[in-house]
Amino acid sequence: MTGNGRRALRGCVATALVGVLGAGAAACGDDPADAAGGSRTGLTAALGTAPEADAGGILTYTDVTATRRLVEQDKKLYGGLATYGIPEVAQAGYEKRPLKETHGFDENDVNTSLQIGSDRWRLTGRFDVNAVTDGMKKLGYTEGATDGGVLLKDPDGGQVAVSASVRSLSMSQDAPPPALAAPKASVADDAAYRAVARCIGDGTYYATFYGKGREGQSPDVTLYAIGATATADGTSRERLCALTASAAGATRTADKLRATTASGERFAGATVDAGSGATPVVTMEWANGPRALPGDQNRTMQLPKLFMGER
């Protein structure tokens, strides 16, 4: 990749917050058992590929297959998701060159995308390893080997790993790309992530988990995420799910959210539920539209800001 190409890619990524559904093609180790002994699918399968060490970071998951259909159906509503969680798609648009030609794959080869933090991605789908390898080598990457696939390194920073079913990327010289196989211990093994994932639902085509125990986060909230679902006619709704530390914390959290749903406010008409139990999951749901585009919270951070800071 040229210096200008790398700068363009990093610029595109920097302009969007780290940025997260049907099940994609299974890769080696991509279908770990859940706590009940069954198989993880969709969103929970994606979380099962993020190492437990990444629990404090932001994770954004995109069902690329479903999102492509939605973008084709309504570009005005879903156009903000048209990079499909694939940083090279944004780069290809900037350079006005077909991604397949430069990188050996494109969004049509991808089923799911998981962005981990600000500079790592793991894509599942079907990849022509030789085509990807040849493309990256033409961009100046050097070829090596990694468990289950090929490792390609940019001398100026950045690494790509690819197998027939996974392509992963790191923009850092120091951090390797996400592993091709799922880790033995992942964020999906964390009870907080399982609770929030159940609330968000595996039918979600786009979701962001904002990290467990993030610095500066309200002590009332253990973990929260926002996910979007769409009906057959393309009508989209988003749901925020916040696992709280106590019933009192849930009440305070619900009150913050309700303040954004008053008449004239951006989320007017949204519904908020304070949940129940010792550590309730607070939910907020709203319809997507011109004032609340899918994935908008990764750009405006309006709702996530409510969870930052002490009361």
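Visitor: Let's start with Arg120 and Asp54: buried or exposed?

Guide: Bear in mind that this is a predicted model, where local features need pLDDT of at least 70 and side-chain atom pairs count only at pLDDT 80 or more, while totals for chains, interfaces and linings use all residues. Residues are numbered from 1 along each chain as its sequence is written, and side-chain values use heavy atoms, with hydrogens and water left out. Buried means under 20% relative accessible area, exposed means over 50%, and partly exposed is in between (1.4 Å probe, protein chains only). By that rule, both Arg120 and Asp54 are buried.

Visitor: What is the N to O distance in the salt bridge of Arg120 and Asp54?

Guide: A salt bridge needs a side-chain nitrogen of Lys or Arg within 4 Å of a carboxyl oxygen of Asp or Glu. The side chains of Arg120 and Asp54 do meet in one, and the N to O distance is 2.7 Å.

Visitor: How many residues apart in sequence are the parts that this pair ties together?

Guide: Helices (H or I, at least four residues) and strands (E, at least two) are DSSP runs numbered from the N terminus. Arg120 sits in strand S3, whereas Asp54 is in the loop between H2 and S1. The pair therefore ties together parts whose separation in sequence is 66 residues.

Visitor: Which residue forms a salt bridge with Asp190?

Guide: The closest N and O atoms of that pair are 2.9 Å apart, with Lys212 as the partner of Asp190. Asp190 lies in the loop between strand S7 (166-170) and H8, and its partner in the loop between S8 and S9, so parts 22 residues apart in sequence are tied together.

Visitor: How many of the residues of helix H8 are buried?

Guide: The list is Ala192, Tyr193, Ala195, Val196, Ala197, Cys199 and Ile200. They pack against several elements, including helix H2 (42-47), strand S9 (221-230) and S12. Helix H8 (residues 191-200) is mostly covered, then: of its 10 residues, the buried ones number seven.

Visitor: Which strand is Thr283 found in?

Guide: At 15% relative accessibility, Thr283 counts as buried. Contact means heavy atoms within 4.5 Å, and neighbours within four places in sequence are left aside here. Among the contacts of Thr283 are Cys199, Leu240 and Thr271. Its own strand, residues 281-287, is S12.

Visitor: How many aromatic pairs does the count come to?

Guide: Rings of Phe, Tyr and Trp (its six-membered ring) pair if their centres lie within 6.5 Å; planes under 30 degrees apart are stacked, over 60 edge-to-face, and the rest tilted. By this rule the number of aromatic pairs is six.

Visitor: What is the angle between the planes of Tyr210 and Tyr224?

Guide: The ring centres of Tyr210 and Tyr224 are 5.0 Å apart. The pair is stacked because the planes lie at 15 degrees.

Visitor: What is the angle between the planes of Phe267 and Trp286?

Guide: Their ring centres lie 5.0 Å apart, and the pair is edge-to-face because the planes are at 70 degrees. Phe267 is buried, with a relative accessible area of 2%, and Trp286 counts as buried at 4%. So, for this edge-to-face pair, the angle is 70 degrees.

Visitor: Which helix do Asp255 and Arg258 both lie in?

Guide: Their side chains meet in a salt bridge (3.6 Å, N to O). Asp255 counts as partly exposed at 44% relative accessibility, as does Arg258 at 38%. An α-helix has 3.6 residues a turn, so residues three or four places apart point the same way. Asp255 and Arg258 are three residues apart, about one turn, in helix H9.
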